[in-house]
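Hi,

Here is the structure I said I would pass on to you. Have a look at it first, and then read my notes below.

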Amino acid sequence: MICKHCQTDNPPAVFYCSGCGAPIPKKSNAVAVILLGLVGFAAVAVFVALVTDKPQTAQEAIARATPAPVATEKPQKITLAVYERLEMGMSYSAVVALIGPGREMGRNKAAGYETVLYQWDAGLLASVTLMFQNGKLIQRNQFGLR
Ligand SMILES: [Zn+2]
């Protein structure tokens with residue numbers, strides 16, 4: 001610990017300077033300041049939490065915990081009737097709106113044409129395979145639909 005008054009280098013544990021007798025500030029002050037800062041910050045955080053999070057009823061707690069209902073419609077079960085509504089030229093998103101997202105089976109890009117093949121499982125041993133070119137339905141196949 002270097003004395004502020006006479007620059008004497010004192011051993012760390014002394015309370016008074018060996019050169020001039022002035023009191024030596026404890027080295028732990030810096031740590032204490034940091035700790036005080038942390039405690040202060042925590043106190044502010046707790047205060048803010050208390051102010052923001054007002055006491056709530058059980059119903060309110062449940063309402064908060066329950067996610068808001070999702071507005072999107074549940075895709076229809078893929079039946080032959082639904083399959084017949086899949087028209088050439090439909091966009092993939094329009095198809096997804098009807099039967100939900102498909103499983104991408106392959107993708108090929110050549111000469112400005114992007115071809116993507118999707119498959120949907122439609123129950124036991126039933127499936128729908130659709131081919132899109134540049135985002136438009138160009139071919140449809142189904143197996144086992146009723
Ligand atoms: Zn001194």
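Predicted model: local features only at pLDDT ≥ 70, side-chain atom pairs only at ≥ 80, totals over all residues.

**What I found**

In the protein chain, residues 24 or more positions apart account for 25% of the contacts with a separation of 6 or more. A contact here means that the C-beta atoms of two residues, placed from the backbone, lie within 7 Å.

Residues are numbered from 1 along each chain as its sequence is written.

**The overall layout**

The protein chain has four helices and four strands, and from the N terminus on they run α-α-α-α-β-β-β-β. Helices (H or I, at least four residues) and strands (E, at least two) are DSSP runs, numbered from the N terminus.

How much of the protein chain is buried? Buried residues make up 9% of its 146 residues. A residue counts as buried if 20 or more other C-beta atoms lie within 10 Å of its own, as exposed if 12 or fewer do, and as partly exposed in between, with C-beta atoms placed from the backbone.

**The sheet**

The four strands form an open sheet in the order β1-β2-β3-β4, with antiparallel pairing. From one strand to the next, the twist averages 15° (axes are lines fitted to C-alpha atoms, for helices over the stretch in contact, and angles run from 0 to 180 degrees between N-to-C directions).

Now walk across it, strand by strand. Two strands pair if DSSP finds at least two bridges between them.

- β1 (residues 103–110) and β2 (residues 113–121) run antiparallel and are joined by seven bridges. G106 has L117 in β2 as its bridge partner, and E104 stands opposite Y118 in β2.
- β2 and β3 also pair in the antiparallel sense, over seven bridges. Here Y118 stands opposite L130 in β3.
- β3 (residues 127–133) and β4 are antiparallel too, with seven bridges between them. Q133 has K136 in β4 as its bridge partner.

β1 is hardly covered: of its eight residues, the count of buried ones is zero.

**The turns**

β1 and β2 form a hairpin with two residues between them. A111, in the loop between these strands, has a positive phi of about 50° although it is not a glycine. A111 is exposed, because it has 4 other C-beta atoms within 10 Å.

The hairpin of β2 and β3 has five residues between the strands, and G123 in the turn has a positive phi of about 100°.

In the loop between β3 and β4 you will find N134. Its phi is positive, about 45°, although N134 is not a glycine. With 11 other C-beta atoms within 10 Å, N134 is exposed.

**The core**

Which residues make up the largest nonpolar core? There are nine in all: I78, V95, I99, Y118, W120, A122, V128, L130 and F132. The elements giving two or more residues to this core are α4 (92–99), β2 and β3, and the largest share, three residues, comes from β3. For the term itself, a nonpolar core is a set of buried Ala, Val, Leu, Ile, Met, Phe, Trp, Tyr and Cys residues joined through C-beta atoms within 7 Å.

Leaving aside neighbours within four places in sequence, I78 is in contact with Y83, I99, W120, A122, V128 and L145.

Y83 is found in helix α3 (residues 80–84). Y83 is partly exposed, because 19 other C-beta atoms lie within 10 Å.

**The start of the chain**

I2 sits in the segment before α1 (29–52). With 10 other C-beta atoms within 10 Å, I2 is exposed. Not counting residues up to four places away in sequence, I2 touches Q7 and D9. I2 and I24 are 22 residues apart in sequence and 8.5 Å apart in space, C-alpha to C-alpha.

Cheers
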